Amino acid sequence: MDTEALPRGRALLGTRVAALITDYIRKQGLKEGDELPSEARLAEEYGVSQRVVRDAFRSLSQQGVIRTRQGKRAVVSELRPVAVHSYFRLAMEADGSAIDELVEMRLALETKAAGLAAARITDRELEGLRALLEEADAVGDDLRRRVELDLAFHLGIVKAARNRFFTAVLEALSDVLANEREKGKELTEFLGETHAESDAEHKALLLGLGTRDAALAEQQMRAHLERVQRTFRGDDLE
């Protein structure tokens, strides 16, 4: 393992050791589920106390880099944008008006993702998306299930774009996106409207993806999300 001159102070030491452990994981090519060396061995390698190593482990666990287990060695975790997830959730809880910015971000990310997906999606993935829409037709006004299916449909498109960072951002947004969907669908019902428009847009998106036409898929995603944006802004009430 590589060691460098470590800063003084337990907090700084923990931060530095966490960085060294992360670098070790990368250099060793460790994958999800692979065990890390014991706390005792890491403490000896880096010339720190086991308490400092535990501080580093706690930090890495909070970041989603590793998983700690009582009485067992820590293991590498599946990379998850834990800090990003927390930021989005706290931002939405602190400012209800942030939903407009959220939809703006979705416009930027999901429009591009739809274009990439059109070029990269497989027939099996298209069938999976079609099954989600068919189930949405069957559940009618079951709001909770409709929200779940809506999220799965959009995530399926982003995954088909084959860009890990797009997928990570959308997954980190899972909680706030579910809340956004619920509010949007509740607003639709409050206005005495149905979910038919959203369903039709989803079906058009599926057809666009099936043509493998990136420009068409982007146009359809943009139109869908801009309509969502107008609903939240109340433009249709003016």
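I start with Glu 125, which forms a salt bridge with Arg 162, the closest N and O atoms lying 2.9 Å apart. By salt bridge I mean a side-chain nitrogen of Lys or Arg within 4 Å of a carboxyl oxygen of Asp or Glu. This pair links distant parts of the chain, 37 residues apart: Glu 125 sits in helix 6 (residues 123-139), Arg 162 in the loop between helix 7 (143-160) and helix 8 (164-172). Helices here are DSSP runs of H or I, at least four residues, numbered from the N terminus.

A word on the source: this is a predicted model, where local features need pLDDT of at least 70 and side-chain atom pairs count only at pLDDT 80 or more, while totals for chains, interfaces and linings use all residues. Residues are numbered from 1 along each chain as its sequence is written, and side-chain values use heavy atoms, with hydrogens and water left out.

Are Asp 199 and Arg 146 buried or exposed? Both are buried, where buried is under 20% relative accessible area, exposed over 50%, and partly exposed in between, with a 1.4 Å probe and protein chains only. Asp 199 and Arg 146 form a salt bridge at 2.6 Å between the closest N and O atoms. Asp 199 is in helix 10 (residues 196-210) and Arg 146 in helix 7, 53 residues apart.

Lastly, Asp 23, Arg 26 and Lys 27 are linked in a salt-bridge network. The count comes to 17 salt bridges.

Technical notes. Helices (H or I, at least four residues) and strands (E, at least two) are DSSP runs, numbered from the N terminus.
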